[in-house]
Amino acid sequence: MVRVIAFVVGLVFAGVLLISLVTGVATYVSNKPAPLAAEEFHLKPKSLHLASDGAFGKFDPAQLQRGLQVYTEVCSACHSLKLVSFRDLKALGYNDAEIKAYAGSGKEWKIQVPSINPETGEATTRKALPSDNFPSPFPNEIAARAANNNALPPDLSLITKSREGGGAYVYSLLTGFQPQPAELLKKFPDAKTPPNLHYNPYFANLNIAMPPPLTTTGQVTYADGTPATVDQMAKDVAAFLVWTANPELERRHSAGLAVSVFLLVATILGFLAYKQIWYEVKHPVGDTGSNQTKIRRTTAKRGVAG
Ligand code: HEC
């Protein structure tokens, strides 16, 4: 009797589950979630080839210097680079005097560093030293948002590691500003880019708060004479931001190569040693007996008791 009741209860339970599954599927089919403009119009980053790509890639110091120039003259008005210090720029081929001049002349680097007046103890600012990290353009997040329609320009030190596509994403974003396609507005009349935002299909939700920072050829004047097209400036600053996020990349690549060569040699030596040690066991001279006798004989030959 108890068994029958338990069976009936189980049956009812399974029946209720089945009904809820069927109604769930039916509502999904009859009332599909509306497609989003961002799902249809978002683009994957364009392809970007940099000298630092691949297992043996090395940075192109001339390109990194141009990227630094674009960052200094354009991006640093809004974006910080907190994890990079001025003396790190040695890796770009600058010498100590050049770095000192860059950090502290007030010419290239205009933002000063917070400090304390040693005489009065009052808060003040001073010119940056090579040992300082790049100072932020805004004192804190509140000030940064206040100056950017409540959007926060992220720190760029690790941006190429924190976004899918890395350098290619930054390059695509900088060259991807465009008018909103008419097709999008026809399909999604409610998805019009709001005021103060800018349409960019490479940005996750298509509308970014950053105004296009690179707009005209010659916006910066490269010292090495490279024509400063928008495409070139975007590539250079993307390469520079790949460096800020992976300054150890070249060292990692050459260490990886050395370790691979070492492991290859060690494997060959190990294999040869294995062949040598087992040679007599595998090729006993003039023996026709069982394996056991072979082994006994070889060990005996080597003077091992057995
Ligand atoms: C006028 C200020 C301003 C300038 C100049 C500027 N940006 Fe931005 N940037 C912003 C703001 C604001 C955001 C945040 C956008 C958002 O969240 O919608 C942003 C976001 C970004 C992002 C992150 C996008 C993401 O996926 O979250 C990157 C990368 C970026 N900027 C790169 C640059 C580079 C490189 C330059 C220089 C060539 C530059 N920006 C110049 C204001 C600026």
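**Notes on a predicted model**

1. Asp88 sits in the loop that runs between α3 and α4 (96–104). Please keep in mind as you read that this is a predicted model. With 18 other C-beta atoms within 10 Å, Asp88 is partly exposed.

2. Next, have a look at helix α3, which covers residues 61–73. Which residues of α3 are buried? They are Gln63, Leu64, Arg66, Gly67, Leu68, Gln69, Val70 and Tyr71. Helix α9 is included in what covers these buried residues.

3. That brings us to the pairing of α3 with α9. Two packed helices are described by the angle between their axes and the distance between the axes. Here the axis of α3 and the axis of α9 (residues 230–245) come within 7 Å and cross at roughly 100 degrees. Angles of 65 to 115 degrees count as roughly perpendicular, so α3 is roughly perpendicular to α9.

4. Who meets whom in this pairing? From α3 come Gln63, Leu64, Arg66, Gly67, Leu68, Val70 and Tyr71, and from α9 come Met233, Asp236, Val237, Ala239, Phe240 and Trp243. Sorted by class, the contact of α3 with α9 has nine nonpolar, two polar and two charged residues.

5. Now turn to the ligand. There are 22 residues around the ligand, and those that come nearest are Cys75, Cys78, Ala209, Met210 and Pro213. By class, this shell has 19 nonpolar, two polar and one charged residues. Which helix gives the most to the shell around the ligand? It is helix α7 (residues 167–175), with three residues.

6. While you are at α7, pick out Leu173, which is found in that helix. Leu173 is buried, because 23 other C-beta atoms lie within 10 Å, and 20 or more make a residue buried. Setting aside neighbours within four places in sequence, Leu173 is in contact with Asn200, Tyr202 and Phe203. For Leu173 and Tyr202, the separation in sequence is 29 residues, while from C-alpha to C-alpha they are 5.6 Å apart in space.

7. Two backbone angles deserve a check. Asn149 is not a glycine, yet it has a positive phi of about 50 degrees. You will find Asn149 in the loop between α5 (141–146) and α6 (159–162). Leu206, also a residue other than glycine, has a positive phi near 75 degrees. Its loop lies between β3 (198–199) and β4 (207–208).

8. Are these two residues buried or exposed? Asn149 counts as exposed, with 11 C-beta neighbours inside 10 Å. Leu206 has 22 C-beta neighbours inside 10 Å and therefore counts as buried.

9. Finally, visit Glu141, which lies in helix α5. Glu141 counts as exposed because it has 10 C-beta neighbours inside 10 Å, and 12 or fewer is the cut-off for that label. Glu141 and Glu119 are 22 residues apart in sequence, and from C-alpha to C-alpha they are 30 Å apart in space.

Conventions
Residues are numbered from 1 along each chain as its sequence is written. This is a predicted model: local features need pLDDT of at least 70, side-chain atom pairs count only at pLDDT 80 or more; totals for chains, interfaces and linings use all residues. A residue is near a molecule or strand if its C-beta atom, placed from the backbone, lies within 6 Å of it. Helices (H or I, at least four residues) and strands (E, at least two) are DSSP runs, numbered from the N terminus. Ala, Val, Leu, Ile, Met, Phe, Trp, Tyr, Cys and Pro count as nonpolar, Asp, Glu, Lys and Arg as charged, and the others, Gly among them, as polar. Axes are lines fitted to C-alpha atoms, for helices over the stretch in contact, and angles run from 0 to 180 degrees between N-to-C directions. Angles under 35 degrees count as roughly parallel, over 145 as roughly antiparallel, 65 to 115 as roughly perpendicular and the rest as oblique. Two residues are in contact if their C-beta atoms, placed from the backbone, lie within 7 Å.
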